[in-house]
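Dear colleague,

My notes on what was found in it follow.

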Amino acid sequence: MSEKILIIGGGFAGLRLARTLNQKREKRITVIDKVNHHMFQPLFYQVASGRIEPSNISFPFRKIFQKSKNIQFRMTDIIKIIPEENKVISEDAEFKYDKLVIATGCKTNFYGNEVLEGNAYGMKNTQEAISIRNHVLMTFERLIIERQRSDDGDWNLVIVGGGPTGAELAGAFAEMKRDVLPRDYPKMSFKNLNIILINATDKPLASMSTEAQNKSEEYLKQLGVTLMNNTRVDAYDGENVTLHDGTVIPSNNVIWAAGVTGNIIDGISQEHIMRNRYIVDEYNKVKGYDNIYAIGDIAYMETAEYPQGHAQLASVAIDQGEQLGRNLLKTSTSAWEPFKYKDKGSMATIGKHRAVVDLRDFKFQGRLAWYFWMFLHLMLILSVRNKIAIFYNWAWAYINKDSSLRLIIVPHKKNNTEQ
């Protein structure tokens with residue numbers, strides 16, 4: 001009888017695991033996700049800034065597994081795991097398993113501040129990226145109508161978090177201010193529009209090399225971004241950002257990129273959870289359970305090289321998914337190989353011809369790094385059609401410093417009034 005493997009989450013880790021197990025008839029795979037598509041998260045910032053369409057970096061699971069003989073997909077939200085019964089409970093169904101793999105990834109970390117969470121925008125899924133695009137573009141439309149009567153908060157676009165997401169987003173909006181808005185709104189001046197990046201450390205990109213940090217700071221300043229280092233946000237009520245020193249910045253557009261936290265599912269003992277991630281051994285097995293595994297951002301694995309757990313990066317997730325898949329295909333667990341991560345480096349882009357790349361043995365910045373960043377991300381896109389669409393959009397923007405993707409699309413509210 002074939003083995004039932006249940007994968008919760010279709011991000012980088014879950015998708016790579018499923019594709020490793022694809023067409024292996026001795027394994028019956030069910031992939032469960034609360035949305036119907038895989039999302040290429042590194043390019044969310046380009047959706048938020050109107051550079052590419054969300055469909056270009058979104059891939060329906062049913063299309064991905066269309067020709068698979070052993071993989072099925074179910075769209076639902078898992079709310080509880082019952083390990084002693086080998087089943088999980090969703091909002092509308094129950095699923096049994098022989099082996100369970102949790103690959104639920106992360107969500108934006110608002111550090112328990114519910115008011116902040118209710119007012120600031122996170123950017124961890126397609127819907128949030130689209131919401132940012134809609135909200136920011138609506139601000140510009142309001143500015144052209146209200147002009148001098150406009151709220152001061154409309155003139156400050158605040159991004160909290162100086163990591164790759166925050167730095168890339170700040171650079172994208174700064175280029176929009178410089179190259180796009182003057183053409184979209186020719187009778188209006190945007191010199192008073194401020195792109196503000198609030199960073200809690202000495203330099204942006206704190207997880208990268210000193211060279212990358214210094215260069216990224218230089219690039220941000222060249223683009224006119226107001227960079228506030230060693231600064232923390234205490235509160236945001238929807239109208240004013242309050243900093244740790246008491247400074248208040250009026251803003252109607254605040255994007256929170258200051259950290260992530262794991263998407264924990266109820267049912268796993270708290271003693272096997274560390275920093276909101278499941279504690280796993282070197283084979284990605286969750287501590288205390290024989291047939292439950294965790295991979296990707298949600299997995300916390302301590303090793304000699306990574307005593308605080310691996311970084312929550314796409315490359316780690318992909319490697320863990322592939323390694324676990326190879327192990328699950330072996331007939332005996334005695335032949336399993338432990339996971340060992342080989343750091344491939346990191347990179348970030350901050351506008352046209354401005355990027356930083358840290359490889360294991362080589363670091364470089366500038367135009368070459370920018371081309372390298374574009375090539376690598378283009379190669380990681382799943383389908384040929386999407387590669388072509390993104391390349392076309394990038395090429396058009398490169399030549400014209402513009403795009404035609406600034407659509408404001410808001411959900412339609414059906415009128416249920418009885419006639």
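**Helix 5 and its surroundings**

At the start of helix 5, a side-chain oxygen of Asn125 comes to within 3.2 Å of the backbone nitrogen of Gln127. This is a polar contact, defined as a pair of N or O atoms within 3.5 Å; within protein, one must be able to donate a hydrogen and the other to accept it, and residues adjacent in sequence count only if both atoms are side-chain atoms. Please note that the model is predicted: local features need pLDDT of at least 70, side-chain atom pairs count only at pLDDT 80 or more, and totals for chains, interfaces and linings use all residues. Residues are numbered from 1 along each chain as its sequence is written, and side-chain values use heavy atoms, with hydrogens and water left out.

Helices (H or I, at least four residues) and strands (E, at least two) are DSSP runs, numbered from the N terminus. Helix 5 (residues 126-146) has 21 residues and spans 30 Å from its first C-alpha to its last. That is close to the 30 Å expected at 1.5 Å a residue, the expected span being 1.5 Å times one less than the number of residues. Just after the helix, Arg147 has a positive phi of about 50 degrees.

Strands pair if DSSP finds at least two bridges between them.

Strand 12 (residues 194-198) is joined to strand 13 by 3 bridges, and Ile196 stands opposite Thr226 in strand 13.

**Nonpolar cores**

A nonpolar core is a set of buried Ala, Val, Leu, Ile, Met, Phe, Trp, Tyr and Cys residues joined through side-chain atoms within 4.5 Å. The largest has 83 residues, and Phe140, Ile159 and Phe190 are among those with the most contacts inside it. Helix 6 gives the largest share of this core, 9 residues. Leaving aside neighbours within four places in sequence, Phe190 touches residues including Phe140, Leu143 and Trp155. A second, separate core of 25 residues includes Ile81, Ile268, Ala294 and Ile298.

**Hairpins and a buried asparagine**

Strand 23 (residues 346-349) and strand 24 run antiparallel, joined by 4 bridges. They form a hairpin with 5 residues between them, and Gly351 in the turn has a positive phi of about 95 degrees. Strand 24 also forms a hairpin with strand 25, with 4 residues between them.

Asn291 lies in the loop between strand 20 (277-279) and strand 21 (292-294). Asn291 counts as buried because its relative accessibility is 17%. A polar contact of 3.2 Å joins its side chain to that of Asn86.

Yours sincerely

Note on methods:
Buried < 20%, exposed > 50% of the residue type's maximum accessible area, 1.4 Å probe, protein only. Contact = heavy atoms within 4.5 Å.
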